[in-house]
Structure formats: C-alpha cells, structure tokens
Amino acid sequence: MTKMSGARALLESLERQNVNTIFGIVGGAILPLYDALCGSTKIRHILARHEQCAAHEAEGYARASGRTGVCMATSGPGATNLVTGIANAYMDSSPIIALTGQVPSSGVNTSYMIGRDAFQEADIIGITTPITKYSFQPRTVAEIPTVVNTAFYIASTGRPGPVLIDLPKNVQAGTADVQVTDRIEARGYKSMIEMDYAKISEAANLLAKAERPIILSGGGVIISKASDEVMQMSDLLMAPVATTFMGKGSFPEGHPLSVGSIGMHGNPAANKLMGEADVLLAVGTRFSDRATANLDTFMPNSKKIHIDIDEAEIGKNVEVDVPIIGDAKTAMKLLLAALNDKLRKTEGTAWSKRVKDAKEQLSPLLKELPRDIVPKALLIALRELLPGNAIVTTEVGQNQMWSALYFKALKPRTFISSGGLGTMGFGFPAAIGAKAACPDRPVVDIAGDGSFIMSEQELACSVTEKIPVTVIVLNNSVLGMVAQWQRMLYKRRYMAVNLGNTPDFVKLAEAYGAQGFRVTSIDEFQKAVKTALTSNVTTVIDVPIGSEEDVVPFVPPGCGLPQQRGDY
Amino acid sequence: MEVGKTKVISVLVENKPGVLHGVANLFRRRNFNIESITVGLSEQESISRMTITVNGDEKTIEQALVKVNVPTPKDRSDIINCVEVFRGRVIDVSTDSLSVEITGTSDKIDAFLNLMKTTGVIEVARTGITALARGAKSIRIDE
C-alpha cells in the first residue's frame, strides 16, 4: 500500500496496462489527472483539437494496433463531445477507454456537486449507457486500480467495445492508501461461453456436403486474428471468400478466391455468388443491413452457419441453421480439424469454375489503368503506390464506398473505416491515431470534401504533434452520397448538398503548417502521393473530381443483393 | 419476444447504481413496453434479482398493499369478510381505515380493488410481478 492521489493511482494503473498514448483535451474537472500526467515518461499525451476526434484517434490507434485505445476529456461538454466517437467504437466493436472528468462527488457543503447542475456537469454515464460496454464512476481513491484493470479487461475481451470511466474531481485529487494491483472485478461478465462441440460437427457435416460453399468473413475475423484459418478453410473447401465491409482486409483481396465485399455497394461478384451458394459460413459478422440488403431475399435457399462471439448476434438479423458461439479463431480451428477428416481438396469443380467465371465477367478490374481522373483510377493507382502494410482510413460516403470497391486491402488492420455508425469526419482523426500507433508505416485517409471539413481542425494536432499522414480529398464540391440518392431516388431534386468550391484545401493545409497539393491528372496524383509518403509533414492532396460521379453498382433500398444496378 | 405475449424474465444483476437504467434501456431501445419491473436483493450478497414482465396479458402473481377507507363499523366487518374471501391479510387497523396485504394474479388484485371502491381506496402499492422458476433449477452468478 502506498499513499497516493487518485490521479496518480489512475496513471500508474494505466501504465501497468502498458498504455503509451492518450488522446485528449484538458479542462477544469480533469486537471488533477493532467497534473499527474505532467512529466510522465511512459505515456505520451496527444492534444486533439476536438474531443470527438480524440475518441476517433483512440479508435484509429486501437484498430491499427489491436491494442486498447485511450481518450480523455473534461466533464460536461468535453464528455458529451466524446459521445459520437464512443458510439462509433461501440458499433464497430473497437476497444477504447474513455476517461472523463466529473464534478466533485463529495466534500463539505457546496463542494458536493454531482446532481446539482454544477458548472460543466453532464450525466455522461447516463448519456453513454446505450453506447458503452460498461461504465464506472469510482467514488473512492482506493478502488481506482481495480476499476482501471476491469475497464481494460471488459473493453478488450469477448466482443470488444468502449468502456467509460467517469472520474469525479475529488476522487482524482484525494489521497488514500492504494495498492496498484492486477485485480479485476468482473463477476457475471463472461467474455466467452463454452464452445458447443456438437455444433462444430454439425457445421462440418454441412460444409463437407456443400456443393457451392461460400465464406463470409467479417470484422470479427480481424479482431480474433483468424485470417489464417479463413484462408485454410477457403483452400480446403475451394470456397470463395466474400467479406463484409468491416471484414475488408481479413482476407487478401488479391487472392484468386477473394470476391470482394458484399453489400449495398458491394462487389458484383460477391453479391451474385452469395445468391448462388448452397452453404454459407459466416464468421464474425452481425449481418448488418448494408451488408445483406433486403433480408427477405438474403440467400433464402442456402444453409447458414454463423460463428460469432456475441451470443446476442445469433439470430438477431438472420436466422441460421448452425449457430456457433465463440471466438472465431478457436471455432475455425476446430472446424478445420473436424473437416480434415471428412474432406479432400477438390479443384476444377463446377463451383470453382463458376467462381472464376463470375470474377472475370463481373469484375473486369481494369486491366489497364484509365487515365481519367476518376475515383476508380485514383484508388487503383493508390494501391500500386502504397506498400501492403500501409494503413488506409476512409471518411464516410462516396469516398468510402469507392474505397471499398476499388482499393484492395491485403492485410488485416490496414483498412479502417466507420462501418456501423457511418461517421463523417472519422477518417482523418482515425488516421492520426493509426499513425501514432504505427509510426513506421504510411497512413492515408481517403476523404471527401464534406467529411474532411468535419474534422479538418485536427490538422493542427497532426502538425504540432508531428504525426504526418496523407489526406486525399476526392473533392466533388457536394455531399456526394446524398446527392447520388437525390439524383437516383428523388428525381434530381438536390437539396442541401451543394458545398461550393470552399475551402481551398491547399491553402487550408498551408494555414495549419501542413503541405497541400492540387492535382488534375493521374500523373500529378502519383507524384503528389510519392512526395507525401516521403514527407515528414502532413499532406493534403486536393483532387477535384466530377460532382455527378456515382458509386455504382448499387443495390437500391428494399432490394436484394442480386438486384444490383449499374456497372462496376 | 413476441408482441402480445407475456414474457417474464428473471435476471441476476450487480446491485449497483445504473444497472436498472441499463437493463430498462435495452427494452426501450427495441420499443418493448415494460409492464412491470421489480428489483430486490437475491440470496447472494451484492446481487439483485430483477423480474421484468413485458407485454403482460397472461396471469402472473403479484402482491399488493391496499389501504381502504372504513366509514362505519359495519363496513369494517364487510371488508374483513372480503379480505378472507380473497385470502388476504389485514395488517393494520385504525378507527377509519384498514390496511390489507393481498397476493395473487393481477386479475384477482384488480377484482379486490374494484370491490373496495364502494367504501374508498386510500392508497395502493403493487409490487409488480415477481417470479422464480418451478423446481430445482435456478440462475446463479458464480462468485
């Protein structure tokens, strides 16, 4: 037992969790914690310029590295500004810890403030209950180490997610005898339930008999590090692998059996083959509506096996024949072992020929690069310029769906995007977080002008903290995805989508001390990217593109995956 | 959960602030209306048992405390007779009121309250539905 302040206990507990980076913004109610951080040699604090971005940065850090990201903010508006970032992490199952200051919870007379509508008081636990995996508000100094350990344990195990620790100022500032331990108190929390082996053999039987199996690889495969197992399964069954949007990167998109991601703006080969398969092996996916399109027409004639660590996902969106609740990697290993006894690899079957044909017919992925400055050409060119381990983040909207379609992710944790919540402004701070986690790898944010404006102030963070990333602004001067819907589904009645030609992104970058380029050809684009990648300062590449460029193909709302419209 | 059918859900939860909010939120989010929710200590220390009834239209058990008006001595004996018929228990008597404890289906409690209307109900506290599964099966959180 050592006598120390709550802030010191928190800091030492964070260090014990091997936290090396915190993204945050200071404020009154979290001053004691910042005071403890002052002079810390183990933890680097990165000053965000908006708390929402601090949370996105923590998530970018988490998703690039596989570690738990940490963000912090003061009470009241600091805490409520975190909310979108926390919700984003919740939807995409990213482990982050949000530390918030809170007004004092005890003291004499008026120094007791919680519940009195004190200055900068917000009931952040009440506000975030539906978007956190759990939250804590320690009321004593002594409980802080256990709270921190438990928070990290809950955030990072099972289906990961955000955990909030709300820290009353008096608890940060107060002192007590504290033991900084590894103690965890999470009674009643089960990160995993026992594997049902009967289901494994049921699944193996289905797969062994399958004539047209397909694997759907989701974000859970990345979290569980099950990419190798998915690859082995694909080889064993000669099954094509489609990914969900969140699963992008879980299976190398250059692989002959990769058919790209499914969904509203999915790869046509993936959407088509899903409809033709007789057995689906879905791993680590929650069957989001953007992935499945109309559920009534989602693979009505196929048998479905669903592996997921979250029991609540089984049967939530899609009724399945064989549910397997558990860690994807463990379950896939068991399934592979069970199958190896039953199966010999078969090449040249009708199905493998069909997969090859479908890829060729439906994915005429440009044998030669078009020279026009269109998203397709830009993203294919970008892939060639980036090493396989480069990390790409995206904003939300057309830029995101073009990236999903045309930018091939080759490795897990190299494609980071706001899948569930669809948060515009996510990509740039997520890129900063990813770069902070992986300083030796290139990090590129594929942005749209509308999204980038939503977190452009983080240029200040990236420049002053010397975290250089590259932002490619596919600049069409409109809120493009909404404009596309208004064009296609609302008879071109454009409303509230025109952004005009402002700001000048080159000048904007320069105003923050970053460098800016405007490119008007593929050659210039390639040159600018090369310069950016070797540069020590953040680069914004403004790429003006046509404002009526569509993301096609497109499954209109209410339609099923095979009813996709438009050319690839 | 199907709409229009009673579901009684028994949950063991940490006896901590915010847990009730979190659980109730799960129902609100999916637009289920909670008919009754009761929380109380369980046999395990620091663990509470929550009993939640959703879309209740079937017969389940609850308990009610009813304080009724007693205008005349004749009314008192009438009410006590009623309480016996309903297998309730008189738990407090004063010159012009009676307090009654009654246990049974929600219907039964409604019927009792209806009868009491003639003399006048002063206060009612209904527990909402509480439940344990029949037999030896139980839910438990390992320490």
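Start by selecting C53(A): at 3% relative accessibility, this cysteine counts as buried. Buried here means under 20% relative accessible area, exposed means over 50%, and partly exposed lies in between (1.4 Å probe, protein chains only).

Before moving on, note that this is a predicted model, where local features need pLDDT of at least 70, side-chain atom pairs count only at pLDDT 80 or more, and totals for chains, interfaces and linings use all residues. Residues are numbered from 1 along each chain as its sequence is written, chains are lettered from A and ligands numbered from 1 in the order in which they are written, and side-chain values use heavy atoms, with hydrogens and water left out.

**Stop 1: the cysteine**

A disulfide needs a pair of cysteine sulfur atoms within 2.5 Å. Over all chains, the structure holds 0 disulfides.

**Stop 2: helix α21 of chain A**

Select residues 480-489 of chain A, which form helix α21. Helices (H or I, at least four residues) and strands (E, at least two) are DSSP runs, numbered from the N terminus. Color the buried residues of α21(A): G480(A), M481(A), A483(A), Q484(A), Q486(A) and R487(A). Now show α17 (398-406) of chain A, which is included in what covers them. Then step to K491(A), which follows α21(A) and has a positive phi, near 50°.

**Stop 3: where the chains meet**

Show both chains. How many residues of chain B are in contact with chain A? The count is 13 residues of chain B, against 7 residues of chain A. Contact means heavy atoms within 4.5 Å.

The size of an interface is often given as the accessible area lost when the parts come together. Between chain B and chain A, the buried area is about 770 Å², and carbon and sulfur atoms give 47% of that. Buried area is the accessible area (1.4 Å probe) that two parts lose on being put together, summed over both.

Pick R187(A) and E14(B). They form a salt bridge, with the closest N and O atoms 3.1 Å apart. The term means a side-chain nitrogen of Lys or Arg within 4 Å of a carboxyl oxygen of Asp or Glu. The count between chain B and chain A is 1 salt bridge.

Look next at the side of chain B that touches chain A. Its largest share, 4 residues, comes from helix α1 (residues 19-29) of chain B. The residues on that side divide into 2 nonpolar, 4 polar and 7 charged. Ala, Val, Leu, Ile, Met, Phe, Trp, Tyr, Cys and Pro count as nonpolar, Asp, Glu, Lys and Arg as charged, and the others, Gly among them, as polar.

**Stop 4: the buried residues of α1(B)**

Stay with α1(B). Which of its residues are buried? They are V19(B), G22(B), V23(B), N25(B) and F27(B). Show strands β1 (7-14), β2 (34-41) and β3 (47-54) of chain B: the buried residues of α1(B) pack against them. After α1(B) comes N31(B), with a positive phi near 65°.

**Stop 5: salt bridges**

Over all chains, the structure holds 25 salt bridges. Begin in chain A with R183(A) and E185(A), whose side chains meet at 2.4 Å, N to O. R183(A) is partly exposed, at 46% relative accessible area. E185(A) is partly exposed too, at 45%.

Go to chain B and select R89(B) and E101(B). Their side chains meet in a salt bridge (3.2 Å, N to O). R89(B) lies in strand β5 (residues 89-94) and E101(B) in strand β6 (residues 97-105), so the pair ties together parts that are 12 residues apart in sequence.

Next come D110(B) and R126(B), a salt bridge with its closest N and O atoms 2.8 Å apart. This pair links helix α3 to strand β7 of chain B, 16 residues apart. D110(B) is partly exposed at 38% relative accessible area, and R126(B) is partly exposed at 34%.

Return to chain A for a network: salt bridges that share partners join R159(A), D310(A), E313(A) and K316(A).

**Stop 6**

Select A125(B), in strand β7 of chain B. Leaving aside neighbours within four places in sequence, A125(B) is in contact with Q63(B), A64(B) and L65(B).

Finish at T119(B), in the loop between α3 (106-116) and β7 (121-129) of chain B. Is T119(B) buried or exposed? At 16% relative accessibility, T119(B) counts as buried. Not counting residues up to four places away in sequence, T119(B) touches N69(B), P71(B), D75(B) and I79(B).
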